[in-house]
Amino acid sequence: MYSVYLNTKLTSQQNLNCVWIERAFQTGAFSSGNGKKAASPTSTLKVVYIGEAGIDTGAIRKEFLTDMVSGIENRFFEGAGSQGKNPEFSLTDLDNDNFRTIGEIMAVSIAQGGPPPAFFRAWCYNFLCTGEVDFHSLSKEDVSDLESCLLISKVEDSADEQSLMLLAEDILSCGYTSRLKLDHKATIIRAIVLHSTTRLIPMLQQLRKGMELYGLVDQMARNSEACHSLFVPGRITKPDADFIMMNCQPRFSEKGTSKERTERTNINFLQDFLQEIEMSDGEPDSAADDKEPLAVAHVLQWMTGQAHIPILPDEKRQFKITCKFDHECRERLGDHLVCYPIVSACTRTVTFPVRHLSTYTDFQRVMGETVRYGGGFHRV
């Protein structure tokens, strides 16, 4: 078992620095007290959020890996998400061995039920598989850093050699050594492309080293087509309202009773709620204090700990969300204003307090607050 302890008030980047990069599990700098080396990340990952009582039987691990992979994408990669991203050029992160750590986290995420890092450019994925760059396949679409993109645009827009000469210093710094002439534009752009991409090779090498966990790199080399969708965007679909509803298994009361009618109304409210936030497509909710837009993936993560559709076919077939209904909160708690849905992410079970969800307006408000602010693992 490899355990990590996290502060819920820290960002994923801060937790990355505080927890994983210490590398006690690799160096053996900290032993278990019996002379043995500390556990390695190839062991089963167990996550504990400090201040929360939840025991990790799978969902907390998926929650952690979901947040970490998302935080890694936002912090260490750049480019248009739909086309894939390149690692950011950062010698500081390279020197700190951060990209190796990132590779390890990605390997653990794939192996232990977390989301795949499906945000790489195709050329980066090919390098991770082979350890080599196919220079002939590189094009200006593979450039992601803003400085190089702007330089390519300026070269393309140059109408005369005088305009090119104004860019001479920047062009020469990219390794271009020929004459600056208008009919050499394609060669100049090619030099910029090669400069922008090949300088990322040390970052990719370090990533590849980290991905050696579980023999992932060897698997990618032998099965590059099969692994392609795990790293390059386009083939793995995001969860939508239909995915959640198709996998919901409501436990209704006796057919024909008033309880059953109320429960079916709540399930219809859930479907409307999911379809509404899906149609909003990330637009801010004006009713929310923090203006943070909700997405279907947030609801799925609240319910199950993960924001992605299961990768393996067997896991996908077994992926079900049990919906229960609480009619007795007033008898237990007396008069009170509101109850919130209770989720057991490890068993993928959600219990709806039907007395407080009598209208869609109530359901929308209560569910919105629950998903936004009820993501902790405080219940055992």
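Asp97 occupies the loop that joins α4 (91–95) to α5 (98–111). Helices (H or I, at least four residues) and strands (E, at least two) are DSSP runs, numbered from the N terminus. The model is a predicted one, in which local features need pLDDT of at least 70 and side-chain atom pairs count only at pLDDT 80 or more, whereas totals for chains, interfaces and linings use all residues. Residues are numbered from 1 along each chain as its sequence is written, and side-chain values use heavy atoms, with hydrogens and water left out.

The phi angle of Asp97 is near 65°, a positive value in a residue other than glycine. Asp97 has a relative accessible area of 24% and is therefore partly exposed; the term buried applies under 20%, exposed over 50%, and partly exposed in between (1.4 Å probe, protein chains only). Arg348, in the loop between β7 (342–344) and β8 (349–353), also has a positive phi, near 55°.

## The chain as a whole

The protein chain contains 19 helices and 8 strands. Of its 380 residues, 44% count as buried. Among contacts (heavy atoms within 4.5 Å) with a separation of 6 or more, 69% are between residues 24 or more positions apart.

The chain exposes about 19,600 Å², of which carbon and sulfur atoms supply 50%. Accessible areas come from the Shrake-Rupley method with a 1.4 Å probe, and for residues only the protein chains shown count as cover.

Helix α3 (residues 59–76) has 18 residues and reaches 25 Å from its first C-alpha to its last, close to the 26 Å expected at 1.5 Å a residue. The expected span is 1.5 Å times one less than the number of residues. Because 13 of its 18 residues are buried, α3 is largely enclosed by the rest of the structure.

Ser109 belongs to helix α5 and counts as buried, at 0% relative accessibility. Leaving aside neighbours within four places in sequence, Ser109 is in contact with Leu65, Val69, Gly114 and Pro115.

Helix α19 (residues 360–373) has 14 residues, which should span 20 Å at 1.5 Å a residue; its end C-alpha atoms are 20 Å apart, in agreement. Its buried residues are Phe363, Val366, Met367, Gly368, Thr370, Val371 and Arg372. The cover over these buried residues includes α15 (258–280), α16 (296–304) and β8.

Lys324 lies in strand β6 (residues 321–326) and is partly exposed, with a relative accessible area of 33%. Leaving aside neighbours within four places in sequence, Lys324 is in contact with Arg251, Thr349, Val350, Thr351 and Phe352. Lys324 and Phe352 are 28 residues apart in sequence, yet their C-alpha atoms are 6.3 Å apart in space.

The structure holds 1 cavity of 30 Å³ or more. On a 1 Å grid over the protein atoms alone, a cavity is a set of points where a 1.4 Å probe fits but cannot get out, and lining residues have an atom within 4 Å of a point. The largest cavity has a volume of about 40 Å³, a volume being the space filled by probe spheres set on the points, which are joined across faces, edges and corners.

Its lining consists of Glu78, Asn86, Pro87, Phe89, Ser144, Asp145, Ser196, Arg199 and Leu200. These residues divide into 3 nonpolar, 3 polar and 3 charged. Ala, Val, Leu, Ile, Met, Phe, Trp, Tyr, Cys and Pro count as nonpolar, Asp, Glu, Lys and Arg as charged, and the others, Gly among them, as polar.

Key: 1 Å grid on protein atoms, 1.4 Å probe; cavity = no way out; pocket = protein on both sides within 12 Å on 5 of 7 lines; lining within 4 Å.
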